[in-house]
Amino acid sequence: MWWANLGLLPSILLRASLPSPRPEIIVGSCVIPSQRVSVVGEEVLVPLAEFADAIGLKAQVAGDKAEVKGWRGTVRLRAGSKRAVVGREEVVLPVPPRSRGGRFLIPVFSLSRLLGLFPHWDAERKRVWVSPCLYKVEVNPILDGAEVKIFLTAPAKAEAKPLPDGRFVVDIFPAAYDVPAKGQVIYSANSFRVRGAQFTSCPDVARIVVDLPPGASATMMGPGEGAAFKIVVKGIGPIPSPTMPMQAVVGVEVGRETVTVRTTGRVRWTATLWRSPLAAVVDIWPARSAVSGEHPGVGPIKRVKVLDLESPPSTVRVIIELAERMTPFVLPSPDGRALSISLRPSSVRPSRRVPTGRFSVVIDPGHGGRDPGAMGPSGVEEKTLNLDIALRVAASLRARGIKVILTRTGDFYVSLEQRCKVANSSRAHCFVSIHCNAYPVPGAKRGVEVYYYHQRSLPLARAIHARLVKALGIPDGGIRRRRFYVIRRTWIPAVLVEVAYIDHPEEEALLLNPSFRQRAAEAIAEGIVDFLLGLSR
Ligand SMILES: [Zn+2]
């Protein structure tokens, strides 16, 4: 459960301290006077409308039902019922909410916790305080500096104080400091440090201190999206990222149909096609280039330019200028020290076309970014193969006159919810999610499987499955019904394809072979065309 993350906060024994006279409630920086509050057992009931207003969250009441939009999803309540729903999870409240005199009253301690807020009792002044939690501080490298992002579960205020001794102090209030770090130091590199702590309690002030080396500067920004603040630090030179270390692009080799980019370590990337000038463009991050400039081309590759982008920072752009339209496919080497960009002519004549512009399809490459998916014995990550196959499917469909929407086009994270949103807002005719399979006992299973959930998706599953089984020559794992999120929460026919088992050595070897991936992609595209033509019949 996500709110268990907030368990670092000191727990308070209410039984001993909560008084029978009605306490005052300080929510955020507003006061709910004691006349509008009632004590029930260990809980305090307060009007939801006032509570939500004070803390800066959206609430809606309709009859005996209410909803509050919190940090990690909506909390749904019903007057008289101890059951509440948070996102998709059901929880039991110690005291039910009530509806009285046109007002919806909520148990302030339990609802606050469900919303990721920190409620606590101030015995000295006989008050209840409810504050947002400061739950995460992220430090990311930017050009010549760092970006310190501060995340809260609800809106708060911030005050920045640059001190003459080089410290940049930011007080955030009201806020309960709840960053899971050992001690106060959140990040430290050379003489640049970020620290955090609870500065005062009742009122709750959290303090973030940035220790700056001489010549460096800091600027406070925000609040931005999701109640986040940002401190932009400049003049500290490059710093390593705590999540992904900065890499260098150290070599570029140009072949007839491939460009190999050598890096010092694992990087993220995205690939696009420019029309004018005609070029395949691959952005690589977090990285800096040691080989900036022009590299001569061969065959259809006219030349390759490498440069550091100013924005987004820590990004190297590789521009592959082309003599004809080609589609780039990027595959990192298993050791993460090279990106192989292969280029295929975009104008391969497909066997069958459909009326141009009549159909559109959403293709969803599974996983991406910080979510690598499964891993093969050689170290290849599922997300990479999924994207490669998906891009091949997209190229094949586009060549047939079908509009394709991809949920991602590079190695970055996209939530399952976002993927469904793309499908549901697209007016596309179908949705196909592409994955490679893995089994808890690696290597124990093999073959191709196609999943569906809603009955309306079965014809699409059948069409793709038939083509794949014929094309791949690996065991037939069949068509299966499963409650996968992306095929359950999409409103159009939706299937999830598990092309082969990445954890089976033989099937991994197949998946690492570009011609196998091309065959799989063509089969998926053919299956989609079968389905679409069936629709128009
Ligand atoms: Zn997967």
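This is a predicted model: local features need pLDDT of at least 70, side-chain atom pairs count only at pLDDT 80 or more; totals for chains, interfaces and linings use all residues.
User: Which residues coordinate the zinc ion, and through which atoms?

Analyst: Look for the atom name beside each residue. Here H367 contributes NE2, E382 contributes OE and H435 contributes ND1, with distances of 2.1 to 2.2 Å. E382 and H435 link distant parts of the chain, being 53 residues apart. E382 lies in helix α4 (residues 382-399), while H435 sits in strand β35 (residues 430-437).

User: Are E382 and H435 buried or exposed?

Analyst: Buried here means a relative accessible area under 20%. E382 is buried, and H435 is too. For the protein chain, 53% of its 537 residues count as buried.

User: How many helices and strands does the protein chain have?

Analyst: Happy to walk you through that one. The protein chain has nine helices and 38 strands. Its C-alpha atoms fill a box of roughly 80 × 60 × 45 Å along the principal axes.

User: What share of the contacts comes from residues 24 or more positions apart?

Analyst: Start with the contacts whose separation is 6 or more; residues 24 or more positions apart account for 63% of these in the protein chain.

User: And what about the surface and the charges?

Analyst: Take them one at a time. The accessible surface of the protein chain is about 24,100 Å², and carbon and sulfur atoms hold 52% of that. As for charges, there are 72 positive and 47 negative ones, and their mean positions lie 6 Å apart.

Conventions: Residues are numbered from 1 along each chain as its sequence is written. Side-chain values use heavy atoms; hydrogens and water are left out. Donors are N, O and S atoms within 2.8 Å of the metal (3.2 Å for Na, K and Ca); water is not among the atoms, so sites may look incomplete. Helices (H or I, at least four residues) and strands (E, at least two) are DSSP runs, numbered from the N terminus. Buried means under 20% relative accessible area, exposed over 50%, partly exposed in between (1.4 Å probe, protein chains only). Contact means heavy atoms within 4.5 Å. Accessible areas come from the Shrake-Rupley method with a 1.4 Å probe; for residues, only the protein chains shown count as cover. Lys and Arg count as positive and Asp and Glu as negative; His and the chain ends are not counted. The place of a charge is taken as NZ of Lys, CZ of Arg, CG of Asp or CD of Glu.
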